[in-house]
Amino acid sequence: MERASDEGGPRSGRVRRTVGAVALGAGAVLAVVASTLPVFVQELAFTAQRETFTLTLWGFESSLDHNGGDRAGVGYGVPVIAAAVLLAVSAVLVLAAPRLPARFAGPTSVAAIGSAAVLTGSTWTVGQLVLVALSSGDTAVKTGVGSGMSTLVIACVVALAGGLLAQHWPGLVSEPRPEPGGVVVYRLPDAEGGADTPPFGVPVRDDTAEGGS
Amino acid sequence: MKRLAGVTALLAGAVLTATGSTGSLYETTRIDSGYRSGYRMTLWGGEYTTPEGATEVGDVPILFGVPAVVAAVLLVVAAVLVLATRRLPAGVALGARVGAVVAAGLLVGAVWTVGQMVRAATEESDPVGGTLVATAGTGMWLLIAAAVVAVAGALLVQQRPEVPAYQPLDDDDTDTPPMGVRIHPSVSTEE
């Protein structure tokens with residue numbers, strides 16, 4: 001996956017974060033765009049008058065506007081838009097990560113992959129509808145997958161990739177903290193308690209010639 | 001302790017999903033000129049009850065249950081991996097926690113989308129006439145509970161210190177190398 005090739009200098013952390021944020025943002029934009037496009041289009045030729053049914057994320061539309069569409073449309077788009085908003089928020093959070101306190105890091109990565117997963121679950125469920133429409137054996141019905149469905153699938157792949165890039169995989173170079181002036185001491189978490197060398201080292205006897213100052 | 005509660009919640013989410021997937025999402029009953037007909041929808045399609053009392057299954061069922069069941073399986077896998085997290089390399093352990101979030105998110109997306117369908121079906125005005133009674137079924141409520149529990153579980157198994165507050169040891173750009181750094185000759189202790 002993305003992470004194998006991502007080892008190296010300290011800049012790779014920034015590149016990974018930027019690519020992840022851009023992917024999350026792109027997933028959000030694609031999902032919003034997809035919500036305006038047809039999920040599938042069915043051409044019905046039962047009578048001489050052809051009829052085209054279009055399913056969008058906001059309900060069915062017919063080319064023959066019979067009843068003025070009094071039937072309430074199913075708002076499949078609501079979870080898609082909600083996921084897109086969450087994706088956009090997490091894209092901003094991922095991008096702003098170095099300027100945010102460390103306690104934001106966990107929620108940010110959870111939000112990034114979580115919103116991508118919500119989008120995927122929603123898209124998949126809508127996709128089950130498309131599968132049913134496609135498997136209709138009736139020769140009078142011609143079904144085509146709409147651009148909305150394919151855009152949604154791309155949005156999911158892009159968002160999931162972004163969500164994975166936003167995780168703090170161990171072994172990857174982390175963001176270098178801003179350098180304070182003077183001595184920098186990095187303190188490692190100590191699981192055993194007290195067994196490690198203290199931050200400023202242990203005093204040793206200086207046996208060198210000019211030692212003992 | 002928190003981890004154990006999270007694992008339990010993840011497993012409970014999976015069990016609730018499995019239970020909910022067999023229950024009815026919504027049921028409609030139509031009473032028209034003395035005849036009673038019904039429609040019942042589960043995650044695996046719908047079935048009609050004709051006024052004569054016979055049940056008919058729709059020709060091509062909508063398998064809304066597939067993503068939900070995949071999410072439930074992922075929840076179980078993530079729960080097991082999180083439980084064994086101490087014996088796993090750090091990358092896999094993080095993968096398990098991320099997997100728990102993915103599974104919970106997948107379930108939320110699937111349940112929410114199905115919920116939108118159920119909402120529309122139960123709010124729908126009857127175009128034909130007669131009395132139409134539509135109610136959300138136990139399956140729907142179980143799935144909503146499953147999604148909530150799974151999200152809680154996924155959040156509980158997360159670990160706070162995700163970003164190391166120190167530079168990782170393999171970052172040789174800023175850390176002191178194992179053999180020390182070359183210092184200016186004027187302060188050298190070498191002979």
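**Basis.** This is a predicted model; local features need pLDDT of at least 70, side-chain atom pairs count only at pLDDT 80 or more, and totals for chains, interfaces and linings use all residues. Residues are numbered from 1 along each chain as its sequence is written, while chains are lettered from A and ligands numbered from 1 in the order in which they are written.

**Chains.** Chain A has 4 helices and 4 strands. Its order along the sequence is α-β-β-β-α-α-β-α. Chain B has 4 helices and 5 strands. From the N terminus, chain B reads α-β-β-β-β-α-α-β-α. Helices (H or I, at least four residues) and strands (E, at least two) are DSSP runs, numbered from the N terminus.

Of the 213 residues in chain A, 34% are buried. In chain B, 36% of the 191 residues are buried. A residue is buried if 20 or more other C-beta atoms lie within 10 Å of its own, exposed if 12 or fewer, and partly exposed in between, with C-beta atoms placed from the backbone.

Two residues are in contact if their C-beta atoms, placed from the backbone, lie within 7 Å. Among chain A contacts with a separation of 6 or more, 72% join residues 24 or more positions apart. For chain B, 66% of contacts between residues at least 6 apart join residues at least 24 apart.

Two packed helices are described by the angle between their axes and the distance between the axes. Axes are lines fitted to C-alpha atoms, for helices over the stretch in contact, and angles run from 0 to 180 degrees between N-to-C directions.

| Helix pair, chain B | Axis distance | Crossing angle |
|---|---|---|
| Helix 2 (residues 65-83) and helix 3 (residues 90-123) | within 8 Å | roughly 160 degrees |
| Helix 3 and helix 4 | within 9 Å | roughly 155 degrees |
| Helix 1 and helix 4 | 7 Å | about 160 degrees |

Angles under 35 degrees count as roughly parallel, over 145 as roughly antiparallel, 65 to 115 as roughly perpendicular and the rest as oblique. A crossing is left-handed if the near helix is turned anticlockwise from the far one by less than a right angle, and right-handed if clockwise.

Helix 2 and helix 3 of chain B are therefore roughly antiparallel. Their crossing is left-handed. Residues in this contact include B:Leu74, B:Leu75 and B:Leu81 of helix 2, and B:Ala103, B:Leu106 and B:Leu107 of helix 3. By class, the contact has 17 nonpolar, 1 polar and 1 charged residues. Ala, Val, Leu, Ile, Met, Phe, Trp, Tyr, Cys and Pro count as nonpolar, Asp, Glu, Lys and Arg as charged, and the others, Gly among them, as polar.

Helix 3 and helix 4 of chain B cross in a left-handed sense. On helix 3, B:Ala103, B:Leu107 and B:Val111 are among the residues that take part; on helix 4, B:Leu143, B:Ala147 and B:Ala150 are among them. The contact of helix 3 with helix 4 has 17 nonpolar, 2 polar and no charged residues.

Helix 1 and helix 4 of chain B are likewise described as roughly antiparallel. Helix 1 passes helix 4 in a left-handed crossing. Residues in this contact include B:Lys2, B:Leu10 and B:Thr17 of helix 1, and B:Leu143, B:Ala145 and B:Ala150 of helix 4. The classes here are 14 nonpolar, 8 polar and 1 charged.

**Core.** A nonpolar core is a set of buried Ala, Val, Leu, Ile, Met, Phe, Trp, Tyr and Cys residues joined through C-beta atoms within 7 Å. The largest one holds 92 residues, of which B:Leu10, B:Ala103, B:Leu107 and B:Ala150 touch the most other members. Helices 1 to 4 of chain A and helices 1 to 4 of chain B each give two or more residues. Helix 3 of chain B gives the largest share, 17 residues.

Beyond four places in sequence, the contacts of B:Leu107 include A:Gly121, B:Gly13, B:Ala71 and B:Ala150.

**Two single residues.** A:Ser35 sits in the loop between helix 1 and strand 1 (40-44) of chain A. A:Ser35 counts as buried because 21 C-beta neighbours lie inside 10 Å.

B:Ala145 lies in helix 4 of chain B. With 17 C-beta neighbours inside 10 Å, B:Ala145 counts as partly exposed. B:Ala145 and B:Gly65 are 80 residues apart along the chain, and their C-alpha atoms are separated by 16 Å.
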